[in-house]
Amino acid sequence: MNKAKTTGSIWRQPAQVWAVAFASVVAFMGIGLVDPILPAIAASLEASPTETELLFTSYLLVTGLAMLVTSWISSRIGAKATLMIGLALIIVFALASALSGSVDAIIGFRAGWGLGNALFISTALATIVGSASGGSGAAIVLYEAALGLGIAIGPLLGGLLGEVSWRGPFFGVVVLMAIAFIAVLTLLRGPGEKREPVPFSAPFKALGRPALAILAVAALFYNIGFFVLLAFSPFPLGFGAMGIGLTFFGWGVALAITSIWVAPWMMRRMSRTAIILTVLPLLAADLVVAGLVAETAPALVACIIIGGLLLGVMNTVLTEAVMEATDLPRSVASSAYSAVRFIGGAVAPPIAALLWHAFNSTVPYLFAATSVLVATLTVFLGRKILAHIDDEPADAVTEDAEAITVGDAG
């Protein structure tokens, strides 16, 4: 990714590229947007923490399952139509969430939001790469910048608007996505795009490949650790919406920095499997410490930020490893891998809340650390099957980078 050639400035792009990039920032904001308002929603709608955590579960589960069919859809109706449908669904379901009067309704509407998000983010990078000037390297840097910016700003905006009302962040997404919808509609060209239909069964068959299956299982358990840190931590922190927003703004910035700069630097010096087997145990250790200091807010904040640094490396390296795992089309491999990975993100928040209720705030983090160690063991035991992912052909760098899409978004 870092070696992809760039022939011009990433800032000199056609208007249609900026339209999709802006929409990408807003789409990625949706991942952490509800984080700061989870306690407020629980209090306002008289919901338990477990019920509130299902806001993540419905969103991530539907996003993951939809990933299995997005390549099939976009290959038939085209990128612009797929983007527009995705944006429209996000607007409709974010508005419905803002107007809801029960946590059950919001859980359902977040599922619809997840469908829209899957359609959009699975198509956005390919659109940027196909339209950008300055080479694919410039396009990829621009996309990764949008990803990092969205992940960082989401919690901050959620905190700012959440101080007014828990409905505020949802209304904020409606306004921003409406602007993005208009921008994509007017600036992105649709006719003339090349379409190569992808078989509906392609992502399902992809999971039968041993290397891809190993990485997908590892990512499932890794994502449990990711989303316990992201979705459960607002409860033991005990902060208001703004305090939670600032904490996860720092987490998002840390994740963006290591994803964009540190991971490529490490991959120039170490093999992918070596990085994975080094960073995952460090993440498990961070989660153990987070559990031990969960009752001390400043220490927990430090663990969350450190976790962001480690997660940024893992997101990029794991997804690049997936791209080298098989000879399948990149979009198919990414869709299959992301679908399994998001299942981990979907189950983690409610399980963490249940463990907290049954025991204490330490146990959910120990559960997350154990899951990350299972991911480590999965990669370690499968390292012979994965050996080829460390041998990257020079002409594959650009293709690999272009496929880093939804894997970095969750």
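## Overall picture

A residue counts as buried here when its relative accessible area is under 20%. By that cut-off, 59% of the 410 residues in the protein chain are buried. Please keep in mind that this is a predicted model.

The protein chain holds 16 helices and zero strands. Its accessible surface comes to about 14,600 Å², and carbon and sulfur atoms account for 70% of that area.

## Helix α9

Let's look at helix α9, which covers residues 210–232. With 23 residues at 1.5 Å each, this helix should span 33 Å, and its end C-alpha atoms are 32 Å apart, which agrees.

## The salt bridge

How many salt bridges does a search of the whole structure find? The search turns up one. It joins the side chains of D327 and R209, with 2.8 Å from N to O. D327 belongs to the loop between α13 (297–325) and α14 (330–358), while R209 belongs to the loop between α8 (202–206) and α9, so the pair ties together parts that are 118 residues apart in sequence.

The two partners can also be described by their accessibility. D327 counts as exposed because its relative accessibility is 66%. R209, at 33%, counts as partly exposed.

## Aromatic pairs

A pair of aromatic rings is described by the distance of the centres and the angle of the planes. The count comes to 14 aromatic pairs. One of them is formed by W72 and F200, which are edge-to-face, with 5.5 Å centre to centre and 90 degrees between the planes. W72 lies in helix α3 and F200 in the loop between α7 and α8, so this pair ties together parts that are 128 residues apart in sequence. W72 is partly exposed, at 31% relative accessible area, and F200 is partly exposed at 41%.

F232 and Y365 form a pair too: their ring centres are 5.5 Å apart and their planes stand at 65 degrees, so the pair is edge-to-face. Here F232 lies in helix α9 and Y365 in helix α15 (residues 362–381), so parts 133 residues apart in sequence are tied together. F232 is buried, with a relative accessible area of 0%, and Y365 is buried with a value of 0%. There is also an aromatic cluster, made up of F56, Y222, F226, F227, F248 and W251.

## A nonpolar surface patch

On the surface, L61, L65, I343, V347 and I351 form a nonpolar patch with about 350 Å² of accessible area together. Two elements, α3 (49–77) and α14, each give two or more residues to the patch. Which of them gives the largest share? That is α14, with three residues.

## A closer look at V174

V174 lies in helix α7, which covers residues 168–187. Is V174 buried or exposed? At 13% relative accessibility, V174 counts as buried.

Leaving aside residues up to four places away in sequence, V174 touches I91, A94 and L95. The C-alpha atom of V174 is separated by 9.7 Å from that of A96, a residue 78 residues apart from V174 along the chain.

Notes. Residues numbered from 1 in each chain as written. Predicted model: local features only at pLDDT ≥ 70, side-chain atom pairs only at ≥ 80, totals over all residues. Heavy atoms only, no water. Helix = DSSP H or I, 4+ residues; strand = E, 2+ residues; numbered from the N terminus. Expected span 1.5 Å × (residues − 1). Salt bridge = Lys/Arg side-chain N within 4 Å of Asp/Glu carboxyl O. Buried < 20%, exposed > 50% of the residue type's maximum accessible area, 1.4 Å probe, protein only. Patch = residues over 30% accessible without salt bridge, like charges linked within 9 Å, V, L, I, M, F, W, Y side chains within 5 Å. Areas by Shrake-Rupley, 256 points an atom, 1.4 Å probe, with all protein chains shown as cover. Contact = heavy atoms within 4.5 Å. Phe/Tyr/Trp six-rings, centres within 6.5 Å; stacked < 30°, edge-to-face > 60°.
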